[in-house]
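Welcome! Please take a moment with the sequence and the structure, and then we can walk through a few parts of them together.

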Amino acid sequence: MTVTLLKAKKEQTVIQTENLNFYYGKSHALKNINLDIKENQVTALIGPSGCGKSTFLRTLNRMNDLIPGTSTEGKILIGDLDVTSPDIDAVDLRKRVGMVFQQANPFPMSIYDNIAYGPRIHGQKNKQVLDEIVESSLRAAALWDEVKDNLGKIATGLSGGQQQRLVLARVLAVKPEIILMDEPTSALDPVSTAKLEQLIMELKKQYTIIIVTHNMQQAARVSDETAFFLNGEVVEFASTNTIFTNPKKQQTEDYISGRFG
Ligand SMILES: Nc1ncnc2c1ncn2[C@@H]1O[C@H](COP(=O)(O)OP(=O)(O)OP(=O)(O)O)[C@@H](O)[C@H]1O
């Protein structure tokens, strides 16, 4: 009984897209995307450059709204929240759906203030509570031990790998449900990459993670499910094991075996 319940919980869908289409002006960038993203899993988005991976990621927290001339059709449900609804509070949505980009983008302020920034915006003023959030977020991002004696120092002085973990800590500080990662290790050295991958596998116990990556080994190492995008469509979506060992579509096989892309 307990096992059945646990299994059911593990496979719960948190993000569902229904016939999602997205346009930059007249350019049709996402075509009828129907994906179910499951809770507490890492879902990898792979595919050649320009196939729509980042665009898809940005539809999930409405970051594309910032680009003029774009339009969206279809539905994106996060739990029972309809993300495409015109009434949605984008600030609230981005609190629930945090994002980490390819280039770490710490604010030009102290390490402490970077982490406290989000909670402060959302109304937290209590110094003791902020101290706790800063510590727990930095711990969760595996950065605390490296920076705990230098919280007042400017964050842009950290190494690239540390900055990426700082940005992740900043996302965690506002207690999101979902973390979107757009090629988060592409600017990092192998050691920092390994650290971040380790962290991703740790964080999925508490968060649902979607990662765009060009690195097949990375997708194979960290993700549970993988969606293969091509020309704005999802060609195949299955368990990562299936995608990499027994893909059903020829195009998937050609891509993962390096025949194009
Ligand atoms: N701001 C924009 N305005 C107009 N077209 C865009 C914009 N951003 C992306 N596109 C176009 O949309 C398509 C999908 O781009 P997107 O960046 O989502 O692909 P991607 O798979 O993430 O690529 P990459 O792996 O190179 O990051 C491409 O044809 C791209 O040129």
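With 14 C-beta neighbours inside 10 Å, Asn 231 counts as partly exposed. You can find Asn 231 in the loop between E10 and E11. Its phi is positive, about 50 degrees, although Asn 231 is not a glycine. Please keep in mind that this is a predicted model.

What is the phi of Asn 40? Asn 40 also has a positive value, near 55 degrees, and is a residue other than glycine. For context, most residues other than glycine have a negative phi. Asn 40 sits in the loop between strand E3 (36-38) and strand E4 (42-46). Asn 40 is partly exposed because 17 other C-beta atoms lie within 10 Å, and a residue is called buried at 20 or more and exposed at 12 or fewer.

## The six-stranded sheet

Now for the sheet. Six strands form an open sheet in the order E7-E8-E9-E4-E10-E11, and the pairing is mixed. Strand E7 (97-100) and strand E11 (233-239) are the edge strands, each pairing on one side only. On average, neighbouring strands of this sheet are turned by 20 degrees against each other, direction ignored.

Here are some of the pairings. E7 and E8 are parallel, with four bridges, and Val 97 has Ile 178 in E8 as its bridge partner. E8 is also parallel to strand E9 (residues 208-212), over five bridges; here Ile 179 is partnered by Ile 209 in E9. By contrast, strand E10 (residues 225-230) and E11 run antiparallel and are joined by six bridges. Thr 226 stands opposite Ala 238 in E11.

## A covered strand and a strand at the edge

How many of the five residues of strand E8 (residues 178-182) are buried? The count is five of five. In a regular strand the side chains alternate between the two faces of the sheet. In E8, Ile 178, Leu 180 and Asp 182 lie on one side, Ile 179 and Met 181 lie on the other, and all are buried.

Strand E11 is where you will find Ser 239. Ser 239 counts as partly exposed because it has 14 C-beta neighbours inside 10 Å. Leaving aside neighbours within four places in sequence, Ser 239 is in contact with Asp 224 and Glu 225. Ser 239 and Lys 125 are 114 residues apart in sequence, and their C-alpha atoms are 43 Å apart in space.

Two packed helices are described by the angle between their axes and the distance between the axes. For helix H4 (residues 111-121) and helix H7 (residues 160-172), the axes come within 7 Å and cross at roughly 30 degrees. The crossing of H4 and H7 is right-handed.

On the H4 side, Ile 111, Asn 114, Ile 115, Tyr 117 and Gly 118 take part, meeting Leu 166, Ala 169 and Arg 170 in H7. This contact has five nonpolar, two polar and one charged residues.

Notes:
Residues are numbered from 1 along each chain as its sequence is written. This is a predicted model: local features need pLDDT of at least 70, side-chain atom pairs count only at pLDDT 80 or more; totals for chains, interfaces and linings use all residues. Two strands pair if DSSP finds at least two bridges between them. Helices (H or I, at least four residues) and strands (E, at least two) are DSSP runs, numbered from the N terminus. Axes are lines fitted to C-alpha atoms, for helices over the stretch in contact, and angles run from 0 to 180 degrees between N-to-C directions. A crossing is left-handed if the near helix is turned anticlockwise from the far one by less than a right angle, and right-handed if clockwise. Two residues are in contact if their C-beta atoms, placed from the backbone, lie within 7 Å. Ala, Val, Leu, Ile, Met, Phe, Trp, Tyr, Cys and Pro count as nonpolar, Asp, Glu, Lys and Arg as charged, and the others, Gly among them, as polar.
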